[in-house]
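Student: I am new to this structure and would like to learn how to read it. Could we go through some features one at a time?

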Amino acid sequence: MFWWRRKKSKQKAKERLQLVLAYDRARLAPGKMEELKRDLLSVLSRYFPADAEQVEIEFEQRGERVVLVADIPFAND
Amino acid sequence: MQARAIVVTSGKGGVGKTTTTANIGAALAAEGEKVAVIDVDVGLRNLDVVMGLESRVVFDLIDVLEGRCKMRQALIRDKRIENLYLLPASQTKDKQSLDPKIFRAVVKHLLEDEGFDRILIDSPAGIERGFQTAAAPAEGALVVVNPEVSSVRDADRIIGLLEAGGVEENKLIVNRIRPQMVKRGDMLSVDDIEEILGLGLIGIVPEDEGILVSTNVGEPVVLRKERSQAAQEFKNIAKRIRGENVPFPNLEEEGGFLASLRRIFGGR
C-alpha cells in the first residue's frame, strides 16, 4: 500500500513515450532542435529583435497533445 | 478484416509475434477458414517448433521461391486441425533470395490458385529487408505490442512503415498484459497504448503461463484442453478478424478473492 506515495510509473512511461514519439514522428533527432532554433531565429530576426541566447524550443506535453513550444524573448537593447 | 493476406509484426523482437501467428492461424482454421501461416524469419526459423511441426519440414520458403520444389511439397498440413498449413522459413539458406516481388507472387498464388482463405505472415523483428519482404504482399497487419516503452516505440515506427508501404488495414494486439500491474499503475494500460499509437484494437492477451507450456510441447494453446485466458482471447481475435463483434475481456474483473477484498475495502 505504498504506491500512492510515488508517481505511478505508468504515468512516467506514458509521458516519456509521447515525447520520444513526437521526435520520432517528426523524424527529428533531439540534436536537430539546435538547427531548427537557428533557422527560426534567422526568420524571426527579420521581424523583431530576438534575444538569441535566451531562446528555448522543445516539445512539451500539453494535456492529450504534444506541442512544439518556442520561448523567444525580445532583446533588451 | 477485409485483408486476406495479413502480416504479424512488431518491430521489436520477443513480444510474441510467432505465438500470435500460430494461435490465430489455428483459431481461424478452427473457424473453418483454409489458412496458411508463413514464416519469413529466414535463418531463425521458429514458427515450426511453436506449432510442433518441426519434424515434418522437408522443403522451405526459399526452396519455393527459387523453384526447387512445388508449393504443395513445401506446405506442411497440420494434422490436428483441418485446413491449417505451415510454410516454414529456411534455417540456413541465403536470405538474399527473399525477394519481395517473388514473395508477393507466392502469396497471390496461394490465395488465387490454392484456395486459401487467409494467409498469416510471421514477420522477422526489425525494419529491414526481412520485414519489408514479409509486409510486401500484405493488405493488413496485426501489430503486436507489449505494454512497455521500447515495444510501443518500435510499434509506432512499424505502423508508419506499414502505412507508407500501402498496408492499410492495421490492427493492434496488446500482448502479455498483467492486469494487477495495470491496476497498480505500474504498467501501461490498453487505453494508454491505443491512445499513443492511434490504431484500432483487435485483441488484449493477458500474460499466461500456459503459453510457455504449450510452446514446450509444441501445441498452440488454442488447440489444448486446459483452460487458458490467452487461448480464449486468441480465439476471440480470430472471430473479430472474421468480422464478429466479440467484446474485449474485462481484465478488471479477474484476480479472485484478494481482488474482491480490495474492491470492498479499497474504496475504488
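Predicted model: local features only at pLDDT ≥ 70, side-chain atom pairs only at ≥ 80, totals over all residues.

Student: How many residues of α2(A) are buried?

Tutor: Burial is read from the count of other C-beta atoms within 10 Å, and 20 or more make a residue buried. In α2(A) the number of buried residues is zero, so the helix lies largely in the open.

Student: What share of chain A is buried?

Tutor: Of the 77 residues in chain A, 3% are buried.

Student: Which elements does chain A have, and how do they run from the N terminus on?

Tutor: Chain A has two helices and two strands. Their order is α-α-β-β. As for contacts in chain A with a separation of 6 or more, 46% of them join residues 24 or more positions apart.

Student: How do helix α1 (residues 9-25) of chain A and helix α7 (residues 149-164) of chain B pack?

Tutor: Two numbers describe such a packing, an angle and a distance between axes. For α1(A) and α7(B) the angle is about 30° and the axes are 10 Å apart. Angles under 35 degrees count as roughly parallel, and that makes α1(A) roughly parallel to α7(B). Their crossing is right-handed. From α1(A), the contact is made by A:Ala13, A:Arg16, A:Leu17, A:Val20, A:Leu21 and A:Asp24, and from α7(B) by B:Val149, B:Val152, B:Arg153, B:Asp156 and B:Arg157. Sorted by class, these are six nonpolar, no polar and five charged residues.

Student: Within chain B, which residues of α7(B) and α9(B) meet?

Tutor: The axes of α7(B) and α9(B) come within 10 Å and cross at roughly 35°, and the crossing is right-handed. In α7(B) the residues are B:Val152, B:Ala155, B:Asp156 and B:Ile159, which meet B:Ile193, B:Ile196 and B:Leu197 in α9(B). The classes here are six nonpolar, no polar and one charged.

Student: At what angle do helix α1 (residues 17-30) and helix α11 (residues 229-241) of chain B cross?

Tutor: The angle is roughly 60°, and the axes of α1(B) and α11(B) come within 8 Å. The two helices are therefore oblique to each other. This crossing is right-handed. B:Asn23, B:Ile24, B:Ala27 and B:Leu28 of α1(B) make the contact with B:Phe234, B:Lys235, B:Ile237, B:Ala238 and B:Ile241 of α11(B). Seven of the residues in this contact are nonpolar, one is polar and one is charged.

Student: Is B:Ile211 buried or exposed?

Tutor: B:Ile211 is buried, because 23 other C-beta atoms lie within 10 Å. The residue sits in helix α10 (residues 209-217) of chain B. Leaving out residues up to four places away in sequence, B:Ile211 touches B:Thr19, B:Val221 and B:Ala230. B:Ala230 is 19 residues away along the chain, and the two C-alpha atoms are separated by 7.6 Å.

Student: What is phi of B:Asn83 and of B:Arg176?

Tutor: Most residues other than glycine have a negative phi. B:Asn83 has a positive phi, near 70°. B:Asn83 lies in the loop between β3 (76-77) and β4 (84-87) of chain B and is partly exposed, with 19 other C-beta atoms within 10 Å. Phi of B:Arg176 is also positive, near 65°. B:Arg176 is in strand β7 (residues 169-177) of chain B, and its 20 C-beta neighbours inside 10 Å make B:Arg176 count as buried.

Key:
Residues numbered from 1 in each chain as written. Chains lettered and ligands numbered in written order. Axes fitted to C-alpha atoms, helices over the stretch in contact; angles between N-to-C directions. Helix = DSSP H or I, 4+ residues; strand = E, 2+ residues; numbered from the N terminus. Parallel < 35°, antiparallel > 145°, perpendicular 65-115°, else oblique. Left-handed = near helix turned anticlockwise from the far one by under 90°. Contact = placed C-beta atoms within 7 Å. Nonpolar A, V, L, I, M, F, W, Y, C, P; charged D, E, K, R; others polar. Buried ≥ 20, exposed ≤ 12 C-beta atoms within 10 Å, placed from the backbone.
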